[in-house]
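Here is a short report on one protein model. Look at the sequence and the structure first, then read on.

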Amino acid sequence: MEFCKYLIRQYERGNYDGIGLVLGDGLCGLDLDHCVEDGCLTEESARLIQLLNSYSEFSVSGDGAHSLAFGTLPSGPRRRGNQELYDNLRFFVVTGRKLPSSPGFVAHREEELRQLHAMIFGTVEQKRLNAQDQEDNCPKKRFNDVPKSAPITQGGRGKGLSDEEIQIS
């Protein structure tokens with residue numbers, strides 16, 4: 001407890017944006033970048049923060065938000081676009097600029113963290129169905145199935161391009 005008091009005293013002296021925390025040991029963090037417009041959360045970000053229902057605040061930049069909760073995350077991705085969800089090896093700066101609708105404490109939110117992860121990244125079943133949909137909507141011949149001798153035309157018209165003219169990056 002003494003160390004916490006020391007940190008608060010240092011922060012109150014000024015010239016600091018906040019106090020840093022390293023996520024892990026059951027502490028998870030939701031990081032939403034560029035989700036504040038005209039001082040208000042975007043609708044999607046507000047939904048995510050409301051689901052978690054734990055301590056949430058504006059980020060240092062003021063155009064993002066962080067939420068903290070205790071629990072564990074399912075395995076899988078951790079970042080999609082401007083949305084990140086971590087449970088270890090990440091550093092968050094706690095600004096103390098609490099969102100008005102958020103609780104003033106970090107809550108245990110095991111089930112909510114699983115739901116949040118599924119909302120942001122999808123579930124294994126959703127990914128399987130999406131992959132199946134993409135496969136069903138694509139021609140059955142894949143790029144690698146096309147023989148090298150098949151002519152590839154420039155702009156759909158004109159002469160076929162030789163292997164030397166085709167550059168795959």
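In which loop is Ser59 found? Ser59 sits in the loop between S5 and S6. Helices (H or I, at least four residues) and strands (E, at least two) are DSSP runs, numbered from the N terminus. Ser59 is buried, with a relative accessible area of 7%. Buried means under 20% relative accessible area, exposed means over 50%, and partly exposed lies in between (1.4 Å probe, protein chains only). Not counting residues up to four places away in sequence, Ser59 touches Gly64, Ala65, His66, Thr95 and Arg97. Contact means heavy atoms within 4.5 Å.

This is a predicted model, in which local features need pLDDT of at least 70, side-chain atom pairs count only at pLDDT 80 or more, and totals for chains, interfaces and linings use all residues. Residues are numbered from 1 along each chain as its sequence is written, and side-chain values use heavy atoms, with hydrogens and water left out.

**The whole protein**

The protein has four helices and twelve strands. Of its 169 residues, 29% are buried. Take the contacts between residues at least 6 apart in sequence: 74% of them join residues at least 24 apart.

How confident is the predictor? The average pLDDT is 78, and 70% of the residues score at least 70. Over residues 137-169 the pLDDT is below 50, and this stretch has 18 contacts in the model beyond near neighbours in sequence. pLDDT is the predictor's confidence in each residue, from 0 to 100. Where it is low, the predicted coordinates should not be read in detail.

**Helix H2**

Helix H2 covers residues 43-52, and Ser45, Leu48, Ile49 and Leu52 are buried in it. These four span an arc of only 95° around the axis, so they lie on the same side of H2. The arc is that of the directions from the helix axis to the C-beta atoms. Glu43 and Gln50, on the other side of H2, are exposed.

What do the buried residues of H2 pack against? Their partners are strands S2 (27-32), S4 (40-41), S5 (56-58), S6 (65-70) and S8 (83-86), together with helix H3 (110-121). Asn53 follows H2, and its phi is positive, near 50°.

Phe70 lies in strand S6, while Leu21 lies in strand S1 (residues 19-22). Phe70 counts as partly exposed, at 29% relative accessibility. Leu21 is partly exposed too, at 30%.

| Pair | Apart in sequence | C-alpha to C-alpha |
|---|---|---|
| Phe70 and Asp87 | 17 residues | 8.9 Å |
| Leu21 and Val94 | 73 residues | 7.1 Å |

Neighbours within four places in sequence are left aside for the contacts of both residues. Phe70 is then in contact with Gly26, Leu27, Val106, Ala107, His108, Arg109, Glu110 and Leu113. Leu21 is in contact with Leu27, Leu68, Arg90, Phe91, Phe92 and Val94.

**Rings**

Arg90 also lies over the face of Tyr86, at 4.2 Å from the ring centre. A charge sits over a ring if NZ of Lys or CZ of Arg is within 6 Å of the ring centre and within 35 degrees of the ring normal.
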